[in-house]
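Work through the exercises below with the sequence and the model in view. Each task is followed by a solution in steps.

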Amino acid sequence: MAIPSYAPRYALARTVVVSFSLLFISFTLLFSCRPPFKTTLSKFSPFTTSQTPYTAAIIYLARLSHADELLESLASVNVYLPLRDPWPIILFHTGDFDDTPVQDDFLARLREKIGGASNRSDWDFSDRVEFVKLDWELPEGIPHTKEELNPVSPSSWPGYHHMCAFYSTKIFFNPRLQDVTYYLRMDTDSLFLEPLCYDPFEVMHTRQRSYGYLGVGNDAPIVTKGLWRFIRNYVDSHPREVELQLNASKTWKWPIGSTNGDVDLDDLSVSGYYNNFEIVKLEEFRKPEVKEWLYHLIQYPEGFYKWRWGDAPLRWVTTQMFFNIERDTERLCGIRYYHPYNYLEHCDCVPLHP
Ligand SMILES: Nc1nc2c(ncn2[C@@H]2O[C@H](COP(=O)(O)OP(=O)(O)OP(=O)(O)O)[C@@H](O)[C@H]2O)c(=O)[nH]1
Ligand SMILES: [Mg+2]
């Protein structure tokens with residue numbers, strides 16, 4: 001008779017054990033497969049930005065006379081730059097690549113150099129190359145001969161000066177880049193030396209950066225004459241938009257001794273990014289306050305065409321004036337890169353999603 005008397009208690013115990021087991025399994029499944037809501041948000045929110053669409057391009061300012069070094073540089077892009085998508089490679093030029101036979105010959109040489117299709121893309125690397133012509137004209141308001149203008153760097157006048165004006169200001173408004181989110185600039189004498197362990201566009205996009213760079217140097221006072229005063233005047237006339245930002249910046253330094261006249265500003269160099277490699281989020285440089293500054297620069301053509309103000313210091317000044325350097329800029333580590341006269345401190349390559 002023990003059996004009947006124990007049966008209900010056993011059934012009760014079994015129900016309790018089964019219920020607890022089911023409850024335990026449900027909780028285990030719930031928490032192991034789907035983390036709590038808060039965890040889900042914090043764990044995945046950094047990547048949600050990389051889900052928003054973006055477009056990118058690799059750009060060069062090219063010269064037929066430097067075709068050999070350009071081919072070397074392109075070959076290094078093909079081999080060492082891992083990109084999520086086969087973004088276009090835009091070769092801006094000023095007419096020397098305009099004829100179809102010239103373009104065809106260059107592309108044939110490129111194919112010969114890199115040996116056919118890239119191993120990372122369905123597209124042949126050379127199919128991604130585009131030629132885009134720029135019309136460079138000397139601006140109004142300055143003499144159009146070297147003798148009258150007397151530039152500080154006559155041997156490179158006017159080509160190099162056009163280049164500085166182009167990369168400092170006009171590039172952001174070039175029609176071909178209108179729908180491009182990020183460009184990566186290379187110069188014909190820029191080279192990647194080893195494979196990179198991440199896609200730099202993905203890093204910029206995921207971390208919501210506006211400017212990516214490798215290092216900072218400076219331009220000699222011989223080619224920055226008048227620039228410090230030009231900056232000072234602009235900042236003085238924009239106390240809220242620009243001066244506050246500069247004062248808050250940990251990286252911006254006004255020249256010491258300049259306010260009491262102890263130092264001649266024209267004897268002082270201006271810092272500059274080594275922007276022969278850079279990644280730019282174009283829309284950030286098209287904001288009204290940045291545009292106003294860039295327009296102010298264009299309105300003073302002597303800056304570029306007589307004093308040869310460079311795009312490197314002007315990129316530094318522009319980002320300092322309008323960006324929060326810690327939040328908006330990215331030092332892109334781990335890129336083994338060569339460009340003449342640049343001394344880059346190495347920092348390790350860390351994959352974006354280790
Ligand atoms: N079409 C064209 N391109 C130019 C001219 N001058 C420079 N460039 C290009 O602009 C980019 C920067 O020029 P670089 O001469 O390399 O300038 P840099 O790096 O400041 O100077 P270096 O230290 O001599 O390399 C390169 O891709 C050049 O090919 C020019 O007169 N015409
Ligand atoms: Mg160069």
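**Exercise 1: the ligand shell**

Find which helix supplies the largest share of the shell around ligand 1, then describe that shell.

Step 1. Helix 6 gives the largest share, three residues (helices are DSSP runs of H or I with at least four residues, strands runs of E with at least two, numbered from the N terminus). The model is predicted: local features need pLDDT of at least 70 and side-chain atom pairs count only at pLDDT 80 or more, while totals for chains, interfaces and linings use all residues. Residues are numbered from 1 along each chain as its sequence is written, and chains are lettered from A and ligands numbered from 1 in the order in which they are written.

Step 2. Ligand 1 is surrounded by 15 residues, with Leu61, Gly159, Met163, Asp187 and Thr188 the closest (near means a C-beta atom, placed from the backbone, within 6 Å).

Step 3. At least two shell residues each come from strand 1 (56-61) and helix 6 (159-168).

**Exercise 2: a helix pair**

Determine how helix 9 and helix 12 are oriented to each other.

Step 1. The axes of helix 9 (residues 239-248) and helix 12 (residues 311-322) come within 7 Å and cross at roughly 95° (axes are lines fitted to C-alpha atoms over the stretch in contact, with angles from 0 to 180 degrees between N-to-C directions).

Step 2. The two helices are therefore roughly perpendicular (65 to 115 degrees).

**Exercise 3: a helix end**

State which residue just after helix 4 has a positive phi.

Step 1. Glycine 115 does, at about 70°.

How values were computed: Parallel < 35°, antiparallel > 145°, perpendicular 65-115°, else oblique.
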